[in-house]
Amino acid sequence: MVPTHIGGRIPETVRTWPGALRSAHPQTSFAAIGAGAFAIVDGHAPDCRLGERSPLARLEEAGARILLLGAGFDSCTAFQLAEYRIPAPRVDVSFAVMTPDGRRWHTVRDTSISEERFAELGAAFRDGTPGGARPGGRGRRTAVRPGRRRRLCRRLAGRTPAQGWVRAVNPAGEHGGSPSPRGRSRGEDGEMTTTTRAHSFNRAAAQYAASRPSYPPALFDTVEELMGRSLAGARVADVGAGTGIATALLRERGAEVVAVEPGDGMAAQFRTALPGVPIVRGDGDALPLATASVDLITYAQAWHWTDTARSVPEALRVLRHGGALALWWNIAATDVPWISAQSERIAHHCGVTPPPTTRTDDRGAARLAGLEGLRLTRRQVRWSRTVSLDLHLSNISSHSAFLVLGEPGTRAFLAEERTHLRDVFPDGEVEESYEVDLLVVRR
Ligand SMILES: C[S@@+](CC[C@H](N)C(=O)[O-])C[C@H]1O[C@@H](n2cnc3c(N)ncnc32)[C@H](O)[C@@H]1O
C-alpha cells in the first residue's frame, strides 16, 4: 500500500487496518472500519469529493461525532459538506486515476471548496456566537450560520416544537383552503400536536411519493411570470421538499435546486427518488442556507408548517435582492359536488373542521400566511388528473389527518369511501380536480 504523507498517524492507522474499506474517489478517499463501514464508503462519486455522494454525507446522516485530536477546526473537513449545500461555484478538478493502462489524468466538474475560514467558523461554533459568516466575498460561501452549524453538526433532524399556526386545511389534513390558524395544535397529553402532524408524513413517505398529485406546468409558467425571470439557471431552495415532487419539476425547468427537509422518512424517500440532488436537513424557521444566496424559495404544500414570525424573515434573508418566495397548495376543488361531499365525510370521520366553501380573500390570505406588507401576488391554477380508485384512496389517506388518526380508523373510512365512490365512478377511474393556490412575494 502506498503510504500517505499528509494524513497523520490516526488516519494512516485506520487506512492500513486489516479489513479497512476505502471509498472509491481517486483523490479524496475515505477509510472506514467496523460494521457500518461499507454503508459509509459506498457510492463515492468522482465529481463529489465531500458532498451528498461522498462518505461525509453518510456520516452526517448517521449522526457521527467529530473528535479533533491535536487538530483545529481549520482542518475539520465536516464543514466542507456545508459548502456543497449552498449554491456554490463549480470548477474543474483534476487528479490521477489508475487505469488498466497506467496512471491517467482525469478532470471532473465539482463544487469549489475552501477551508479558508474554517478556524473562524469553528470558533463561532464552539462559542455559540454569531459572526462566523459575513455576507460578501468568500464569506458568502459559508453555508450555515454558526448557531445553525452547531445543529447541523449534531444532526438535529427533528425540529423545535411548533409555535406557529397550521393553515386552514381541507379535512384530509395539511393542504387546501386558505391560510388560517384553525388547524389543531393541542397539548402534550397524548393529543395531536402540530409537530406530530408535521412529522406524520415520515411514516408514510413511500405512499406519499406514489399517490400524491403533482403540480401542473401552468403553475411553473405562473411562477416564472411573477418572479420576472425564467427558472432555467435560477438558484432555488425548495423548502419542505418532502419526497421531491416539486424539486423534480423545478429541475426539469432547468433550475439549480437545493432541497431543505426536516423529516427523516421524507428525506430518505427523496434520496431514493432523486439521487445526487442536494438535500439539506433543516426547516423553514431556521434555514440552513447562506444570506442572499438564492433567486427563489419554494414551499410546495409546506409553508403552513412553519412559524411565520421566523420563516418570513428567514426567507427574506436567504433571498437575493429581486428574488421571490413562492408558496402554493393543491386544494381539492370543493365546487365539484363529489369532492365537497367527500370533504364533509372526512371532516366528520377525522373530527376536523370542514374546508371553507369559499376562497379566503387576498388580504385574508396574506394576513394568515404572515405576508402582510410585502409585495405579494396571488393566483389560482386549476387542473385535474384521472387516477384509479385505489390510487385516489391512497392519496387521501396519505394526508396528515389520517396519518395521525391511525390505521383502524383509516381502514374503516376507506372501506366506506370505496363504496361511495363506486357509485360516482363505476368504471373505477376517479377524476380529482384541484385549484393550486399560489402566493408569490418579490423581495
Ligand atoms: C405536505 S408535505 C409537502 C412535500 C412536498 N413539498 C410536495 O410538494 O409534495 C409537507 C412537508 O413539509 C415538511 N415540514 C414540516 N415542518 C416543516 C417546517 N417547519 N419547515 C419546512 N418544512 C416542513 C414535512 O416534513 C413535509 O415533507
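Among contacts in the protein chain between residues at least 6 apart in sequence, what percentage join residues at least 24 apart? The share is 65%, two residues being in contact if their C-beta atoms, placed from the backbone, lie within 7 Å.

## Model and confidence

This is a predicted model, in which local features need pLDDT of at least 70 and side-chain atom pairs count only at pLDDT 80 or more, while totals for chains, interfaces and linings use all residues. Residues are numbered from 1 along each chain as its sequence is written.

The protein chain has an average pLDDT (the predictor's confidence in each residue, from 0 to 100) of 81, and 81% of the residues score at least 70. Over residues 130-192 the pLDDT falls below 50, although this stretch has 167 contacts in the model beyond near neighbours in sequence. Where pLDDT is low, the predicted coordinates should not be read in detail.

## Overall composition

The protein chain contains 17 helices and 11 strands; these are DSSP runs numbered from the N terminus, helices being H or I of at least four residues and strands E of at least two. Of its 443 residues, 44% are buried. A residue is buried if 20 or more other C-beta atoms lie within 10 Å of its own, exposed if 12 or fewer, and partly exposed in between, with C-beta atoms placed from the backbone.

## Nonpolar cores

A nonpolar core is a set of buried Ala, Val, Leu, Ile, Met, Phe, Trp, Tyr and Cys residues joined through C-beta atoms within 7 Å. The largest comprises 71 residues, and Ala237, Ile297 and Ala326 have the most contacts inside it. Strand 9 supplies the largest share of this core, 9 residues. Another core, of 19 residues, lies apart from it and includes Ile40, Leu81, Ala82 and Ala124.

Leaving aside neighbours within four places in sequence, Ala237 is in contact with Val258, Val260, Leu289, Val294, Ile297 and Val318.

In helix 12 (residues 308-318), the buried residues are Thr308, Ser311, Val312, Glu314, Ala315 and Val318. They lie on the same side of helix 12 because they cover an arc of only 165° around the axis, the arc being that of the directions from the helix axis to the C-beta atoms. These buried residues pack against strand 5 (235-239), strand 8 (294-300) and strand 9 (319-332). Exposed Ala309 and Pro313 are carried on the face turned away from the buried side of helix 12.

Helix 15 (residues 389-397) has His392, Leu393, Asn395, Ile396 and Ser397 as its buried residues. Their cover includes helix 8 (205-211), strand 10 (375-388), helix 16 (400-405), helix 17 (407-424) and strand 11 (429-442).
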